[in-house]
Amino acid sequence: MLKLPEDFIFGGATAAYQVEGATKEGGKGAVAWDEFLEKQGRFSPDPASDFYHQYSKDIELCEKFGINGLRLSIAWSRIFPNGIGEVNQEGVDYYHNVFKECEKRNIQLFVTLHHFDTPKVLFDNGDFLNRDNVDAFVNYAKFCFDEFKEVRYWSTFNEIYPVATNQYLLGVFPPGITYDFTKIILCLHNMMFAHAKVVNIFKDREYEGEIGVVHSLETKYPATDSKEDQHAAYLDDALSIRFLLDATYLGYYSKETLTALDEICAANNAEYSFLESDLEEMKKASHRNDYLGINHYQCHFVKAYDGENNIHHNGTGEKGTSVYKVKGIGERIYKEGIPRTDWDWLIYPEGLYDLLLRIKADYPHYNKIYITENGMGYKDNFEDGIIMDKPRIKYLKVYLESISKAISAGVNVKGYFLWSLMDLFSWSNGYNKRYGLFYVDFETQKRYPKESAYWYKFVSETKSII
Ligand code: BGP
């Protein structure tokens with residue numbers, strides 16, 4: 001049986017907009033999602049898991065079930081309803097109260113400043129395509145560092161790559177734009193630049209605590225050994241993984257990354273350029289990250305593709321409906337023998353092991369890693385309050401085993417935050433894609449521990465992956 005270290009954090013992960021509800025309460029400002037979801041009419045972000053009112057119950061459940069870390073995000077628009085300017089004291093007080101509750105129950109807090117929820121005023125102004133919004137974000141970060149002294153672990157952004165691609169490639173996030181690689185690269189770069197600025201301020205001003213960034217890193221493998229497929233996997237990897245790790249840990253984009261960008265841009269009629277002064281800022285920050293947060297759910301097998309762009313996002317859980325064919329990159333395929341969820345996410349824990357080893361080899365000053373999200377979206381069966389989620393336990397087990405093996409191979413992984421603490425809503429999938437350790441009856445807001453919650457408690461208490 002594999003083990004995890006004694007001081008390992010067994011956490012649960014959430015994000016403000018996916019759990020809080022109360023989108024129009026407490027002086028909160030609007031975000032682009034409010035209108036986007038309303039227009040779509042599929043599901044509402046209210047009341048979500050009603051964490052805004054139920055947080056003390058959820059934090060108590062953490063303590064009861066051996067969950068000693070909580071990852072959550074601050075909703076920027078609760079602090080600054082318009083992104084900049086006037087501060088909303090009610091929002092500030094709310095987060096102090098949540099943090100106090102965590103302290104009371106000895107739960108280590110990991111706080112993300114931005115989890116897909118730019119205030120609407122700034123979003124409508126171009127979001128991170130607009131450089132003014134970089135300054136607005138830096139200003140908001142400074143405010144949080146000065147105000148929330150009780151927080152020790154800060155992350156600047158959650159998942160820069162999915163922000164850029166869901167907004168400007170798949171179009172499943174607002175503003176719903178598709179196949180625009182000029183915007184994708186600009187967004188990726190501006191967010192990495194904003195991250196660097198915030199890290200430098202955090203270190204220059206000698207705030208207490210630690211700072212890092214959370215990247216979604218999903219390993220890419222060639223579909224076959226052919227040269228063409230290997231090249232497609234390299235292109236997909238360059239944009240989704242290497243670009244971010246270069247920016248974070250080198251402070252510039254390596255030759256391999258830029259060559260891949262040129263090829264992707266040529267195929268998609270796109271362009272990019274980076275200011276020298278941005279790279280200087282990024283270089284300065286590149287050795288100052290205290291940790292890297294990794295969100296990892298799946299991996300991709302990539303095949304060469306030279307047709308037109310064609311993506312279908314499986315947002316309903318109808319297995320086999322995903323299509324991902326991107327000009328200038330490749331086609332992501334299912335692979336015989338590799339299981340996948342109803343949303344077509346490939347379950348391949350070797351992908352996480354390989355990723356961790358690669359980071360150690362390619363970016364040796366990564367310091368330490370937290371797995372900030374991992375978990376299984378599943379259509380849980382609720383029978384009189386009993387939820388036997390065996391497939392989820394099986395999934396969690398093999399991924400935790402990969403982490404344990406990577407630690408044995410010398411990678412410094414210090415904790416794990418299971419996505420998600422309780423059931424919540426999924427941005428582009430709604431409420432039937434459940435991830436929680438605790439089942440939420442969204443009508444009554446009652447919580448029910450699933451079988452996985454009892455299993456996780458045992459693993460956390462014994463550090464043994466059974
Ligand atoms: C990550 C996000 C989370 C969460 C999770 C599961 O990308 O950081 O906010 O939603 O993925 O994804 P999904 O909800 O699409 O299943």
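Predicted model: local features only at pLDDT ≥ 70, side-chain atom pairs only at ≥ 80, totals over all residues.
For E159, an N or O atom of the side chain lies 2.4 Å from an oxygen atom of the ligand, and for S426 a polar side-chain atom is found at 2.5 Å from a ligand oxygen atom. W427 also takes part, with a polar atom of its side chain placed 2.9 Å from an oxygen atom of the ligand.

The space that the ligand takes is the largest cavity of the structure, which holds four cavities of 30 Å³ or more. The volume of this largest cavity is about 910 Å³, and its lining is made up of 46 residues, among which N166, E218, Q298, H313 and W345 are the closest to the centre of the cavity. By class, the lining of the largest cavity comprises 24 nonpolar residues, together with 15 polar and seven charged ones.

Both helices and strands contribute to this lining. At least two residues of the lining of the largest cavity come from each of the helices α8 (160-168) and α10 (227-249), and likewise from each of the strands β9 (300-303), β10 (310-312), β11 (323-326) and β12 (330-333). The contribution of α8, at four residues, is the greatest to the lining of the largest cavity.

The second largest cavity contains about 80 Å³ of space. Its lining consists of 13 residues, and those that lie nearest the centre of this cavity are W33, F116, D117, F123 and Q167. Two or more residues of the lining of the second largest cavity are supplied by α2 (32-40) and by α8, the helix that also gives the most to the lining of the largest cavity. In terms of class, the residues that line the second largest cavity divide into eight nonpolar, three polar and two charged.

Definitions and conventions:
Residues numbered from 1 in each chain as written. Heavy atoms only, no water. 1 Å grid on protein atoms, 1.4 Å probe; cavity = no way out; pocket = protein on both sides within 12 Å on 5 of 7 lines; lining within 4 Å. Points joined across faces, edges and corners; volume = space filled by probe spheres on them. Nonpolar A, V, L, I, M, F, W, Y, C, P; charged D, E, K, R; others polar. Polar contact = N/O pair within 3.5 Å; in protein donor to acceptor, adjacent residues only side chain to side chain. Sits in = over half its atoms within 2 Å of the grid points.
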